[in-house]
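Student: Please take one part of this model and go through it closely. Start with the packing, and keep it brisk.

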Amino acid sequence: MNQKLQLLIIGAGPYGLALGLYAQQHKIDYLIVGKIMGFWEHNMPTGMQLRTPVDWGNDHNLEKPILREDFMAIIRSSISQKKLRVDNQWVKSVDSIDGNFSVQMENDETIIAEQVIIATGYNSYQRIPEEFSKILPKGRYSHNSEHTNFQNFKGKRCIIIGGRQGAFE
């Protein structure tokens with residue numbers, strides 16, 4: 001079965017879902033494809049707290065940092081409540097054909113889209129500074145996205161390099 005859409009959003013994390021909501025509100029024929037919150041489910045630490053300010057214009061009256069698990073429950077509830085169109089499968093390939101995009105899905109269906117937005121997150125962009133990877137033996141350093149449970153670091157001395165969410169956790 002082939003589908004023809006105005007917009008295909010590749011990535012079903014927070015950005016892809018937000019783009020889908022925007023498209024829906026603007027009556028754009030869209031579909032989001034990807035594993036819903038897959039990176040958050042499999043790569044973010046259990047018990048992680050999101051520190052987004054509470055004045056960000058949400059519908060959920062959040063007054064303190066929110067646990068990852070609660071955030072994901074809100075996302076899943078919102079997908080259902082807003083009736084977002086999400087196909088929970090991977091993309092195999094994207095090709096340009098006659099001014100459109102032909103997207104082959106993991107179930108071998110083809111989606112033809114006028115526009116494609118790739119919102120796959122930052123997992124592919126993790127960076128270990130070369131000045132550290134050159135001098136430290138393998139196994140003595142890692143990126144925070146490789147860990148969902150930090151118990152193996154309990155009682156050990158560690159240095160955390162960075163200043164974003166992963167370093168705070």
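**A close look at helix 1 and its surroundings**

Tutor: Gly 16, Leu 17, Gly 20 and Ala 23 are the buried residues of helix 1. Buried means under 20% relative accessible area, exposed over 50% and partly exposed in between, with a 1.4 Å probe and protein chains only. Seen down the axis of helix 1, these buried residues fall within an arc of 120°, so they line one face. The arc is taken over the directions from the helix axis to the C-beta atoms. An α-helix has 3.6 residues a turn, so residues three or four places apart point the same way.

The model is predicted: local features need pLDDT of at least 70, side-chain atom pairs count only at pLDDT 80 or more, and totals for chains, interfaces and linings use all residues. Numbering runs from 1 along each chain as its sequence is written, and side-chain values use heavy atoms, leaving out hydrogens and water.

Helices (H or I, at least four residues) and strands (E, at least two) are DSSP runs numbered from the N terminus. Helix 1 has twelve residues, which should span 16 Å at 1.5 Å a residue; its end C-alpha atoms are 16 Å apart, in agreement. The expected span is 1.5 Å times one less than the number of residues. On the face turned away from the buried side, helix 1 carries the exposed residues Tyr 15 and Gln 25. Just after helix 1, Lys 27 takes a positive phi of about 55°.

What covers the buried side? The cover of helix 1 includes strand 1 (2-10), strand 2 (30-33), helix 3 and strand 5. Contact here means heavy atoms within 4.5 Å.

One aromatic pair is counted. Rings of Phe, Tyr and Trp (its six-membered ring) pair if their centres lie within 6.5 Å; planes under 30 degrees apart are stacked, over 60 edge-to-face, and the rest tilted. Trp 40 and Phe 71 form a tilted pair, 5.0 Å centre to centre with 45° between the planes. The pair links helix 2 to helix 3, with Trp 40 and Phe 71 31 residues apart. Trp 40 is buried at a relative accessible area of 14%, and Phe 71 at 11%.

Turn to Gln 89, in the loop between strand 5 (86-87) and strand 6 (91-97). Gln 89 is buried, at 5% relative accessible area. Leaving out residues up to four places away in sequence, Gln 89 touches Val 33, Gly 34, Lys 35, Met 105, Glu 106 and Asn 107.

Last, the whole protein. It has five helices and eight strands. Of its 169 residues, 27% count as buried.
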